[in-house]
Every structure is written in C-alpha cells, then in structure tokens.
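Have a look at the model, then try each task before reading its solution.

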Amino acid sequence: MNEGATNVSVYKISDEKFNEIRNEILATWPTGKDVDFEEAIKYQQAIPESKNFAVAMKKAGEENRTLLQPRAGVALVTEHINLLKYLETEGEADLLPTTIDAYTRLNRYENAADGVEKSLQARTSLLNGFPAVNHGLVGCRMVTEAVKSPIQVRHGTPDARLLAEITLAGGFTSFEGGGISYNIPYAKKVPLQKSIDDWKYVDRLVGKYEERGIHINREPFGPLTGTLVPPCVSHVVAIVEGILALRQGVKSITLGYGQGGNLVQDVSAILSLKSLAHEYFKREGFNEYDLTTVFHQWMGGFPPDEAKAFAVISLGATVAVLSGADKVIVKTPHEAKGIPTKEANAQGIKATRQAVNMLRDQRFPVSEEQNIETEQIKKEVRSLMDTIYRLGEGDIEKGVVAAVEAGALDVPFAPAVCNHGKILPMRDNNGYIRIFNKGNMALSDEIMAYHREKLEERAKIEGRNVCFQMVTDDIYAISKGALVGRPR
Amino acid sequence: MSTPYNIVLGVIGSDCHSVGNKILEAYFTENGFNVTNLGVMVSQEEFIAAAIETGSKAILVSSLYGHGEIDCAGLREKCIEKGLDDIILYVGGNLVVGKVPFEQVVEKFKKMGFDRVFSNEGSLDQEAELLRKDIEERLK
C-alpha cells in the first residue's frame, strides 16, 4: 500500500488558499459577485431530493437501471427552458443537461455576450450552448427551477472555476469534466498542471457542498476525443480524475466510457472500468464514495441519413443496458449535421428508451471472449497506472502530468499541444479498437504483440499491409455505413 | 509532379474539433500541397499572418461546432486590408447552428467572401482538384 493511504487530507486545498482563489475568480466577470456560498447552501437545501443528480445516480446503481440523458443548450434563457421542458415531457429524459457554449468554455464571456446579443437579433440561437456565466445566478435558477428532473452542467472547460461557482449556486446538482479530460480533447495551449490545479478548485468546491450535506455529482468526461480511443487510455484518465476528485472531498462520482463499436469490447470496458476504479480508489485510501458509470453512445462521425443514425443510437442503447451502465448519454439523428432541433433530440431519447426497456431484464452472457478482453483491458490499465505511480514517485497527480509529458499516456487525435499525439489506434478484424502505433505509451512488448497479431489478422483478410490508410478508413467507416473501414 | 502550392489550414474560432483537421493535413500533404496546419482554435489574424509568411495561395477554414457564421465574418475584408486581395478562401464543416438547407449556407458564406463552401459530405479528391484549378486560374 502506498503512504498516501493513511492521510488523504493532505491533498485538500486549504481554506485560506481556496478563499484567495475564490475572491479572484468571482471578480473575473460581473455575474460572479452575486455568488454567496452561505446563501447558495440554503438555496440547494431547498431543492427536493427528487431533483438531486447524485441521489438519482446512486438509486440507478442500486436498482440496476440505466438512466437516459440528452445533451442540449441554446443561447437564451427562455428558449433553453423550452428546449429542456420538451426533452423532459416529449422526450421523457430521466436526467437533463445544460450544455455550455464554446466561448464560455474558453472563458471568453465577452464573445458569449456578443453571441447572446446576435441571437436576440436573429431570433435563433447562434451559440452552440447555454452561456451560464453570462446569464448568472438568476438565469441559472430560472432554468433549474423550471424543470422537474435532476440537471447537470455539461461542457468542455479547462478552467471551469467561475462556471462551477455560478452553476452550483444556481441549483445544478452535477458537474461534468476534469483536469485532464477537459484539457487534452478541448484545449490547445493550456498546460496540464494548470487545468489540473483549476479542477482541484472545482472538486474542492463540490467537497465544500458535500461537507454541508449537499450532494453534488461529478462526472469526468469519459470519451476524450471520441475517436478510436482504446479503453485503457480513457480508463486511466477516468480513474486518475476520480482519485483527484475524491482527494478534494467529492463523494458522488460517475465514470464514463465512449462506445467503441465492438459489443464485447464495450461491455468488457464498462465492467472493467468499475472494478478497476474501486481497486485504485481503495488503494488511495478511499472507502466512502458512490461510484456509478456512464456509457456514451458513439461519439465519432455519424451517418447523415437519419434512419441509419437511429441504428447507431439503438446499438449504443443496447450496449449501455447490456453492460449495466447506470446512465447513457444519448445522440440524435441530426448528429452528422451539427446541433439538433429539439424534435430530433427527443427522437434520439425515444429510440434509446425503446431499446433500453426491451433489454432491461436481460444481461450479456459471460463468454470466453469477454473474459479475455476484460483481462486484457485490466492488464493494459495496470501497466499504465504502474508507470504513472513510478513517474510520480507514488503520487498520482505528479505522475499523470509526467506521463502525459513523456507520452507514456497519450490520447489519440487530440488538439492539445501538451499531449504527445503519437499513438495511432485502428480496428482489428472484429472491430475491436487496437493500438497500431503506441508512440511512447507505457505498454509492454507482450501487450503490443497481442495488438499487432490482431491487426495482422485484419490486414491479411483485406489483402493489404497494416497502414495509416486503415486509420482514416476506420474514422469515417460508421458515417459511411460500417464499423470496420474495409478497402473499397 | 504538379506544382506544390502553399496552403494554410486550420479550425477557426474557439472550435477544438481536431480529428478532421489531422486527416485534412495528411490528405493535402499526400496530394502535393505544402500545408501549413495551424491546428484548432485559430483566429482570423493567425490565418492571415500564416498566409503572408508562407506566401500561400489559399486559406482553408474549417468550422465544426456551429459558430462558423460569427467566427468567419470579416475574414475577407481583413485579408484585403493586409494586401491578400487575391487569396482563395475555402470554408467547410458544420457551419451553422440548426438544420439550415445547404444552399442557404453556401449563399451566406459566399456573401461573406468565401470562394467555395463545403459541407462535411464532400469528397476530398474533388476538393483538392477544385483547389488546384482555382489556384491556377488566379495565377493566369
């Protein structure tokens, strides 16, 4: 056992430091000054338990249910409320989102204000999400009060400190993101240590709510770049972010994974994610937490044809429920075209609902193939985690920063310059995501030999060598009607 | 071998969609262009500075997240201001929020001064061919 196990409180941001940052952060945009933590606690206390996200996730876990949640967000408060109400009533979503616009994600509140102004003039949303910081406490509370379901902030913000302060005081009870998962796939030039530090503040804020009896759910972003991400890569990021959150006093954690496409690999991924997370959380000295899982329907390119898109959605729904994921994030038939209409968004939920209901009393039969894949994922995750502990001399935070810098942990196709970007994944002959080029990833020769063998199998059948063209073919395969990008 | 024209590539605004950008870079490079890839989250000023620095004939702008209309407005005027009167401007991706008929999107962006507008369903072979033709047309 590592030394940290006995004294986990050493990692917590001190109150003094926290307050210092808070004063600074709340002054970065005029709406920040309305946040008063004591008043926010009272406000949160008055929110009925039926609307609490952490409670809903825990219950879903206990009752073996898979809850459905869409993504949605528009520029203006009234329009956003109409959209959410539609998804709640017509779409019958179990959990609601508020997706934040891209300007807010980069703390460009002036651009967001401009987007609000232009949206008012154009009488349609010109922003791709809800600018919660600009709308402030008042706007956020109008939204959270207007709906009956638990509601979460979903975004992609490397520095989400102000957004967290405003939205949690605004009545949201779950907050997506993390210092790695909201940097590497979402930012270009933010140093990893900086985003990790900023997210420690967010987690500490959630911890402070927990200390006052307010449950706030936290969800590291599982799918990362959503493009051929090997399960071991996203699992390691999820587990590390889970530990970093627990260190700041977070209690309700939902870890995610994005659909890869092969049924067995996806089921194995959700099962191994949960057991590995418990293993590492305990190793770090944590015993009191609620851990649940979320499965994201296919995050890569979608077929433009709506009927075909429904098939992708339904397949994702199938895997979500068969793997026992506690929540599924739903896509829409407009995915290929960009931001969906509210009608299309509700259709995605309904298609998912039908599949989930038909499968809810069934479980995926345990097979030899599943056992092999589950063990393979675990072996890879342990190999990467061992390296992180080694590079951090026992400390996971220090280790993960060093591992990303060295490319020992590498996210495929990511925009961030702090990411190595040398790993190249592709599909094997059965559609499993395998690693073609590991870059500097800390994976043994034995592990890589297994991946290579699987890829050679595909190459032989396709009558070509294992090559970069296969990666490109795989990236566009689903949008063109198949899982594996075979030669034309 | 055809002339290796210099072009600038990037994803405009606050958009961080990086997958297609990496594919485009690989594709145009393989097809004989000298690509300066600015990656994601590129400002209009960065596009223009890179085009001047590399003597590029064209700027290929991508936008996938729906803010394309706001982000692209004024790019043509800024190019002219910096003396890039003849530069070819292409734009492609998911350019607007909501489901707008593609003809309307094309019209909107052509009005803004883009030479060609692409949806995300076009073929890269065709785009590369058009680009080569457009460049050679300007050089006449």
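A crossing counts as left-handed if the near helix is turned anticlockwise from the far one by less than a right angle, and as right-handed if clockwise. This is a predicted model: local features need pLDDT of at least 70, side-chain atom pairs count only at pLDDT 80 or more, and totals for chains, interfaces and linings use all residues. Residues are numbered from 1 along each chain as its sequence is written, with chains lettered from A and ligands numbered from 1 in the order in which they are written.

**Exercise 1.** Describe how H8(A) packs on H9(A).

*Step 1, the elements.* Helices (H or I, at least four residues) and strands (E, at least two) are DSSP runs, numbered from the N terminus. Helix H8 of chain A covers residues 161–169, and helix H9 of chain A covers residues 192–211.

*Step 2, the geometry.* Their axes come within 9 Å and cross at roughly 20°. Axes are lines fitted to C-alpha atoms, for helices over the stretch in contact, and angles run from 0 to 180 degrees between N-to-C directions. Angles under 35 degrees count as roughly parallel, over 145 as roughly antiparallel, 65 to 115 as roughly perpendicular and the rest as oblique. H8(A) and H9(A) are therefore roughly parallel, and H8(A) passes H9(A) in a right-handed crossing.

*Step 3, the residues.* Contact requires C-beta atoms, placed from the backbone, to lie within 7 Å. From H8(A), A:Arg161, A:Ala164, A:Glu165 and A:Leu168 meet A:Asp198, A:Tyr201, A:Val202, A:Leu205 and A:Tyr209 of H9(A). This contact of H8(A) with H9(A) has 6 nonpolar, no polar and 3 charged residues. For these classes, Ala, Val, Leu, Ile, Met, Phe, Trp, Tyr, Cys and Pro count as nonpolar, Asp, Glu, Lys and Arg as charged, and the others, Gly among them, as polar.

**Exercise 2.** Now work out how H9(A) meets H15(A).

*Step 1, the geometry.* The axes of H9(A) and helix H15 (residues 396–406) of chain A come within 10 Å, crossing at roughly 150°. H9(A) and H15(A) are therefore roughly antiparallel, and their crossing is right-handed.

*Step 2, the residues.* A:Leu192, A:Gln193 and A:Ile196 in H9(A) meet A:Glu397, A:Val401 and A:Val404 in H15(A). The classes in this contact are 4 nonpolar, 1 polar and 1 charged.

**Exercise 3.** Which strands stand at the edges of the open sheet in chain A?

*Step 1, the order.* The sheet has 8 strands, ordered S1-S8-S7-S6-S5-S4-S3-S2, with parallel pairing. Two strands pair if DSSP finds at least two bridges between them.

*Step 2, the edges.* Strand S1 (67–69) and strand S2 (96–99) of chain A each have a single partner strand, so one side of each is left without a neighbour in the sheet.

*Step 3, a pairing.* S1(A) is joined to strand S8 (residues 327–329) of chain A by 3 bridges, and A:Gln69 has A:Ile329 in S8(A) as its bridge partner.

**Exercise 4.** How many residues does each chain give to the contact between chain A and chain B?

*Step 1, the count.* Chain B gives 20 residues and chain A gives 26.

*Step 2, the elements.* On the side of chain B, helix H1 (19–30) and helix H3 (68–72) are the elements giving two or more residues. H1(B) has the largest share, 3 residues.

*Step 3, the classes.* The side of chain B that touches chain A has 8 nonpolar, 7 polar and 5 charged residues.

Notes:
Contact = placed C-beta atoms within 7 Å.
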